[in-house]
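Let's take a walk through this structure together. Have the sequence and the 3D view ready, and follow along one piece at a time.

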Amino acid sequence: MEIWVNPACAKCRSAVSLLDEAGAQYTVRRYLEDPPTAKEVKAVLKRLGLEPWDITRTAEPIAKELGLKTWGRTPADRARWIEALSEHPKLIQRPIITADDGTTVVARDPETVRSVL
């Protein structure tokens, strides 16, 4: 199991605590220090069954700077969004947990974290 975290994020710290309490084996990926490649973002999106704009933090200053709210949300726009997430990992909603069985979630609440245990 792998969890993409930002240590400054309260939801990330909560998810890590829940995994620790459950005795789960996992690898922490500090995705701001070790940004995912576009290929990795694509793979996570496929596992989540979501589009890149679904996991984008549009209130981040970089999102405003890039003008993301004006970007299209069609299959033709997908690559542009994925590239932005890879180049600016602060835009990625967190934490994301990828379980060994293929289950992948954006773990914003305790119930979602528990769903991968």
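**Starting from one valine**

Let's begin at Val113, which lies in helix H5. Helices here are DSSP runs of H or I with at least four residues, strands are DSSP runs of E with at least two, and both are numbered from the N terminus. Before going on, note that this is a predicted model, where local features need pLDDT of at least 70, side-chain atom pairs count only at pLDDT 80 or more, and totals for chains, interfaces and linings use all residues. Residues are numbered from 1 along each chain as its sequence is written, and side-chain values use heavy atoms, with hydrogens and water left out.

Is Val113 buried or exposed? Val113 is buried, with a relative accessible area of 1%; buried means under 20%, exposed over 50%, and partly exposed in between, using a 1.4 Å probe and protein chains only. Leaving aside residues up to four places away in sequence, Val113 touches Ala15, Leu18, Leu19, Ile97 and Ala107, where contact means heavy atoms within 4.5 Å. Take Ile97: 16 residues separate Ile97 from Val113 in sequence, and their C-alpha atoms are 7.8 Å apart in space.

Among the elements of the chain, helix H5 (residues 110–114) has the lowest mean pLDDT (95), and H4 has the highest (98).

Now for the sheet. Four strands form an open sheet in the order E2-E1-E3-E4, with mixed pairing; two strands pair if DSSP finds at least two bridges between them. Strand E2 (27–30) and strand E4 (104–106) stand at the edges with a single partner strand each, so one side of each has no neighbour in the sheet. From one strand to the next, the twist averages 15°. Strand E1 (residues 2–5) and E2 run parallel and are joined by four bridges, and Trp4 has Arg29 as its bridge partner in E2. Helix H1 (residues 10–21) packs on the sheet, touching E1 and strand E3 (96–98), and its direction makes about 155° with that of E1. H2 lies across E1, E2, E3 and E4, at about 95° to E4. For these angles, axes are lines fitted to C-alpha atoms (for helices, over the stretch in contact), and angles run from 0 to 180 degrees between N-to-C directions.

Next, the nonpolar parts. The largest nonpolar core has 19 residues, and Trp4, Ile55 and Leu85 are among those with the most contacts inside it. A nonpolar core is a set of buried Ala, Val, Leu, Ile, Met, Phe, Trp, Tyr and Cys residues joined through side-chain atoms within 4.5 Å. H2, H3 and H4 are the elements that give two or more residues to this core. A second, separate core of 16 residues includes Ala24, Ala99, Ala107 and Val116.

Five salt bridges are counted, each a side-chain nitrogen of Lys or Arg within 4 Å of a carboxyl oxygen of Asp or Glu. Glu51 forms one with Arg78, the closest N and O atoms being 2.6 Å apart. This pair links distant parts of the chain, 27 residues apart: Glu51 is in the loop between helix H2 (38–48) and helix H3 (61–66), and Arg78 is in helix H4 (residues 78–87). Glu60 and Arg57 also meet in a salt bridge (3.0 Å, N to O), and both are buried. Finally, a network of salt bridges links Arg29, Asp34 and Glu40.

Note on methods. pLDDT = per-residue confidence, 0-100.
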